[in-house]
Amino acid sequence: MTSRTLTLPLVLSLLLGCAPDPAVSASPTTTVASTGLTPLSSTEAAKLVAVGDPINAVLTQAPNVPPPITRTEPARLQVNLEVKEVVKPISDGVDYVFWTYGGDVPGSFMRVRQGDTVEFHLNNHPDNKMPHNIDLHAVTGPGGGAASTFTAPGYSSQFTFKAANAGLYVYHCATAPVGMHIANGMYGLILVEPPGGLAPVDHEYYVMQGDFYTVGKYREKGLQPFDMQKAIEENATYVLFNGSEGALVGDNALTAKVGETVRLYIGNGGPNLVSSFHLIGEIFDKVYTEGGTRVQENVQTTLIPSGGSAIVEFTVEVPGTYILVDHSIFRAFNKGAIAMLKVEGPENVAVYSGKEVDAVYLADKAGTGAAVADAATATASGTLSKEGQVKAGEALFAGTCSTCHQADGKGLEGVFPPLAGSDYLLADKQRAIGVVINGLNGPVTVNGKDYTSVMPPMSQLNADEVANILTYVLNAWGNDGGVVSAAEVTSVRASTPRPAGAAH
């Protein structure tokens, strides 16, 4: 990025979009125009008096964002937020008891104007088991509202605050044990718009990262309880955008068209991990660092602290699927921190030659995961069929094995052996299970040909996943059939030595 010296007025004018690009057209939900006003100082904003009758704040669930505020005067704004403890999927076939603001993770997005007087109502649903409260980082005052909103199940609390500082702020529960409440999903974002608003864009989206700690391993099926010791050790089972692996992939992906400008409001609920937020295939034109009023340009990856935020803006120039990740990269491909932005429109070969690689690069995360979830449900009820295993195994194979062994099972000559018609694979089922869970170093001879490569232990796979993948392989590409059970995988895993790190 080119180094330059920015004066405070110039920084503020960049934030407010005083000179927006006339080529960018705004959508109906983002038509507010910049007035050229600068954010007030917190002292000036605190002196403003609300005008008119109280109005209800518009709240939205992620990834949606409320429309920009077109009011020219501060208002008395009423926010009604309900706490709900709900069971929802955290991954395919895996459920978790989330504690939520508004029924989802992250909590409802709030959008207010600098200088507004916010009358905040927190309602704890009577079916909940725990007391909760809320600490809004946008609040100036002890506890950010936490002491004023400690609320038992079946009760409501209320307090009022002045939205004095412009910016994007995290809110979260601060009831003891604080870390547990946040780890169960109790966080969200509140945007305090400066009086002039933000520059118009075509799309605004709400994305929030969080780390989750379950007793079971990553993708271990069934209802998974919270693991306090893992949380204390900061050993996350999942790192997710918007509360689940499926929240922003496949049919749930964010969308845009070529030439459109996108603004992402990014938060990090934590409770522990810092996010290295990156959008594969794009460069952020602007980043409002830590959700404040400083603008940085041409940024590849931006750090978002636990309990912090950022606003990023960019224009999409070529079509395709763009991947949002935490670039602490094992979190992306082995803990779930992946989301998608699908862009439609004409190719621009002057910018990029074009080639879609979703199926291999994104693997099973590119699909819906319905077959995996169906198999988990059938396993729990004792009705899992061979056909169900094959369907689940096909989806998992795409995400675990197809890059090397190829989607058609033919492998790569001299490097990765074929699985289609493989005499090595089909001769010994126990050996095949052992190869998957313990790995294999070449050379190995398959169908009379030598292959020299390294297959790492698939320690990230659970017993049911190994069983389903192998059942699919045994019944694909003309192979002669067969079934592998999770019990067989468990037996092999328990009875054979494995390298350190393969002891899933």
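Glutamine 406 is found in the loop between helix H9 (402-405) and helix H10 (423-427). Helices here are DSSP runs of H or I with at least four residues, strands are DSSP runs of E with at least two, and both are numbered from the N terminus. The phi angle of glutamine 406 is near 75°, a positive value in a residue other than glycine. At 25% relative accessibility, glutamine 406 counts as partly exposed; the term covers the range between buried (under 20% relative accessible area) and exposed (over 50%), found with a 1.4 Å probe and protein chains only.

The model is predicted, so local features need pLDDT of at least 70 and side-chain atom pairs count only at pLDDT 80 or more, while totals for chains, interfaces and linings use all residues. Residues are numbered from 1 along each chain as its sequence is written, and side-chain values use heavy atoms, with hydrogens and water left out.

A second residue with a positive phi is arginine 219, at about 65°, although it is not a glycine. Arginine 219 lies in the loop between strand E11 (203-212) and strand E12 (222-224), and at 11% relative accessibility it counts as buried. Most residues other than glycine have a negative phi, and most peptide bonds are trans. One joins alanine 62 and proline 63, with omega about 10°; proline 63 belongs to the loop between strand E2 (59-60) and strand E3 (76-91). Another runs from valine 105 to proline 106, with omega near 0°, and proline 106 lies in the loop between strand E4 (94-101) and strand E5 (109-113).

The strands themselves deserve attention. In strand E6 (residues 117-124), seven of the eight residues are buried, so this strand is largely enclosed by the rest of the structure. Strands count as paired if DSSP finds at least two bridges between them. E6 pairs with E3 in the parallel sense over eight bridges, and threonine 117 in E6 is the bridge partner of arginine 76. E6 also pairs with strand E8 (residues 156-162), in the antiparallel sense and over seven bridges; here asparagine 123 stands opposite serine 156 in E8.

The interior can be described through its nonpolar cores, each a set of buried Ala, Val, Leu, Ile, Met, Phe, Trp, Tyr and Cys residues joined through side-chain atoms within 4.5 Å. The largest has 58 residues, and those with the most contacts inside it include Phe212, Leu264 and Phe314. Strand E11 gives the most to this core, with five residues. Apart from it lies another core, of 26 residues, among them Ala432 and Val489.

Rings of Phe, Tyr and Trp (its six-membered ring) pair if their centres lie within 6.5 Å; planes under 30 degrees apart count as stacked, over 60 as edge-to-face and the rest as tilted. The structure holds 15 aromatic pairs. In one of them, phenylalanine 284 and phenylalanine 314 are tilted, 6.2 Å centre to centre with 45° between the planes. Phenylalanine 284 lies in strand E17 (residues 284-288) and phenylalanine 314 in strand E20 (residues 308-315), so the pair ties together parts that are 30 residues apart in sequence.
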